[in-house]
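Good morning, and thank you for coming. Please look at the sequence and the model while I speak.

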Amino acid sequence: MHAVHAWNFHLHHAMLEIGCIHISANHCIYMYNSPTGKSIIMIHINNMCTTASNRAEMVKLIEQLGKLFSLVNLGELRWLLGIAIT
């Protein structure tokens, strides 16, 4: 298995393990629903961009992802794939 496929396999199963739902229309997007809010995780290779319905939900999501992966939080999103986010 190539490294890219192995990483995608690992990532996919880790996301399902924490309760994310894989969006069938786009293999790079996962949703997470909880009683306190909703989150969306977008993935490009080994980069993640997340958004949540509230700050507490974002903190919870980052905590869960941090248990599975070594994360570097770059703060609020300003650029994504060469597109300025305002």
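I begin with a definition: helices (H or I, at least four residues) and strands (E, at least two) are DSSP runs, numbered from the N terminus. With that in place, Ser-53 is found in the loop between E4 and helix H2, residues 55-68.

First, the origin of the values. This is a predicted model, in which local features need pLDDT of at least 70 and side-chain atom pairs count only at pLDDT 80 or more, while totals for chains, interfaces and linings use all residues. Residues are numbered from 1 along each chain as its sequence is written, and side-chain values use heavy atoms, with hydrogens and water left out.

Let us consider the chain as a whole. The protein chain has 2 helices and 6 strands, and from the N terminus on they follow the order α-β-β-β-β-α-β-β. The C-alpha trace spans about 40 × 30 × 25 Å along its principal axes. The radius of gyration, taken over C-alpha atoms, can be set against a globule rule of 2.2 Å times the number of residues to the power 0.38. For 86 residues a compact globule would have a value near 12 Å, and the 13 Å of the protein chain therefore agrees.

Now the surface. Accessible areas come from the Shrake-Rupley method with a 1.4 Å probe, and for residues only the protein chains shown count as cover. The protein chain exposes about 6,400 Å², of which carbon and sulfur atoms supply 61%. A residue is buried under 20% relative accessible area, exposed over 50%, and partly exposed in between (1.4 Å probe, protein chains only). By this rule, 22% of the 86 residues count as buried.

We turn next to the sheet. Two strands pair if DSSP finds at least two bridges between them. An open sheet of 4 strands has the order E1-E2-E3-E4, with antiparallel pairing. Its edge strands are E1 (21-22) and E4 (47-52), each of which pairs on one side only.

How many bridges join E1 to E2? There are 2 bridges, and these strands run antiparallel. Ile-21 stands opposite Met-31 in E2, and the two strands form a hairpin with 6 residues between them.

Strand E2 (residues 29-34) is also joined to strand E3 (residues 37-44), by 6 bridges. This hairpin has 2 residues between its strands. Within it, Tyr-30 has Ile-41 as its bridge partner, and Ile-29 has Met-42. The covered face of E2 holds Tyr-30, Tyr-32 and Ser-34, whereas Ile-29, Met-31 and Asn-33 make up the uncovered one.

Is Ser-39 buried or exposed? Ser-39, in strand E3, counts as buried because its relative accessibility is 0%. Contact means heavy atoms within 4.5 Å.

Which residues does Ser-53 contact, leaving aside its neighbours within four places in sequence? They are Thr-36, Gly-37 and Lys-38. Ser-53 and Thr-36 are 17 residues apart in sequence and 8.7 Å apart in space, C-alpha to C-alpha.
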